[in-house]
Amino acid sequence: MRETAETTGRDRDPEAVSKFVEGFAAQLVEAGLQRMPARVFAALLASDPGSLTSAELGEQLQVSPAAVSGAVRYLSQQHMVSREREPGSRRERYRVHSDQWYEALTNRETILKRWESALSEGVASLGAETPAGRRMAETLAFFEFLDGELAAMMERWRVHREETFGHR
């Protein structure tokens with residue numbers, strides 16, 4: 001898709017866009033995301049096509065290509081952005097999808113399962129009746145509860161999204 005002023009939002013106030021990007025990035029940093037990935041993610045989220053090249057991100061955020069590259073690598077590992085090749089070009093575009101939060105949370109289920117397994121081993125190793133074993137058992141029970149609730153919540157979200165935004 002060729003970008004135009006209409007698809008990139010170039011007719012918007014760049015200062016207002018920058019203010020949003022930096023403000024939302026600051027909120028993401030407060031929630032635990034690293035600063036540069038937060039800025040890159042917010043910039044992608046604020047772009048109408050939902051994708052930008054490394055050069056476009058660097059120019060918008062006033063950062064080096066290396067900073068963009070590191071941020072994108074981190075965001076890719078977290079399933080928050082994807083890389084795409086521009087047809088007929090060696091340039092990559094970095095894309096944020098409308099369901100990025102869903103994907104990021106869904107991929108956390110794998111991590112929860114690993115934690116549950118490790119905690120289960122910990123309870124067995126420490127003994128369920130020891131203070132540490134009981135504490136670990138409660139932590140395990142919390143993650144098992146969270147895992148079940150997350151699966152049910154994601155199913156409710158799929159239904160809600162369909163009702164609100166229609167079939168994709």
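1. **Basis.** The model is predicted, with local features requiring pLDDT of at least 70 and side-chain atom pairs counted only at pLDDT 80 or more, while totals for chains, interfaces and linings use all residues. Residues are numbered from 1 along each chain as its sequence is written, and side-chain values use heavy atoms, with hydrogens and water left out.

2. **Overall fold.** The chain has 7 helices and 3 strands, where helices (H or I, at least four residues) and strands (E, at least two) are DSSP runs numbered from the N terminus. Along the sequence these elements follow the pattern α-α-α-β-α-α-β-β-α-α. The radius of gyration of the chain is 20 Å, well over the 15 Å that the globule rule gives for 168 residues, so the chain is more spread out than a compact globule; the radius is taken over C-alpha atoms, and the rule is 2.2 Å times the number of residues to the power 0.38. The C-alpha trace spans about 65 × 40 × 35 Å along its principal axes.

3. Of the 168 residues, 33% count as buried, where buried means under 20% relative accessible area, exposed over 50%, and partly exposed in between (1.4 Å probe, protein chains only). Among the contacts with a separation of 6 or more, 56% come from residues 24 or more positions apart, a contact being heavy atoms within 4.5 Å.

4. **Helix α2.** The 17 residues of helix α2 (residues 14–30) should span 24 Å at 1.5 Å a residue, and its end C-alpha atoms are 24 Å apart, which agrees; the expected span is 1.5 Å times one less than the number of residues. V21, A25 and L28 are buried in α2. Seen down the helix axis, the buried residues of α2 fall within an arc of 55 degrees, so they line one face of the helix, the arc being that of the directions from the helix axis to the C-beta atoms. On the other side of α2, E15, K19 and E30 are exposed. The cover over the buried residues of α2 includes α3 (35–46), α4 (54–61) and α6 (100–126).

5. **Ends of α2.** At the start of α2, a side-chain oxygen of D13 comes to within 3.0 Å of the backbone nitrogen of E15. After α2 comes G32, with a positive phi near 115 degrees.

6. A38 lies in helix α3 and counts as buried at 0% relative accessibility. A38 and L28 are 10 residues apart in sequence and 5.9 Å apart in space, C-alpha to C-alpha; leaving aside neighbours within four places in sequence, A38 is in contact with A25, L28, V29 and L33. R39, also found in helix α3, counts as buried at 8% relative accessibility. Not counting residues up to four places away in sequence, R39 touches V21, E22, A25, L61 and V63.

7. **Nonpolar cores.** Of the 25 residues in the largest nonpolar core, V40, F41, L44 and L57 touch the most other members; such a core is a set of buried Ala, Val, Leu, Ile, Met, Phe, Trp, Tyr and Cys residues joined through side-chain atoms within 4.5 Å. Helices α2, α3, α4 and α5 each supply at least two residues of this core, and α3 gives the most, with 8 residues. L57 touches V40, A43, L44, L52, Q62, V68 and Y94, not counting residues up to four places away in sequence. A second, separate core of 7 residues includes Y102, L119, L140 and M154.

8. **Helix α7.** Helix α7 (residues 131–165) has 35 residues and reaches 49 Å from its first C-alpha to its last, close to the 51 Å expected at 1.5 Å a residue. Its buried residues are G133, L140, F143, D147, L150, M154 and R161, and they pack against α6. Just after α7, G166 takes a positive phi of about 80 degrees.

9. **Backbone angles to check.** Most residues other than glycine have a negative phi. Q62, although not a glycine, has a positive phi of about 60 degrees; Q62 sits in the loop between α4 and α5 (65–77) and counts as exposed at 66% relative accessibility. H79, likewise not a glycine, has a positive phi of about 60 degrees; H79 is placed in the loop between α5 and β2 (82–85) and counts as partly exposed at 38% relative accessibility.

Key:
A polar contact is a pair of N or O atoms within 3.5 Å; within protein, one must be able to donate a hydrogen and the other to accept it, and residues adjacent in sequence count only if both atoms are side-chain atoms.
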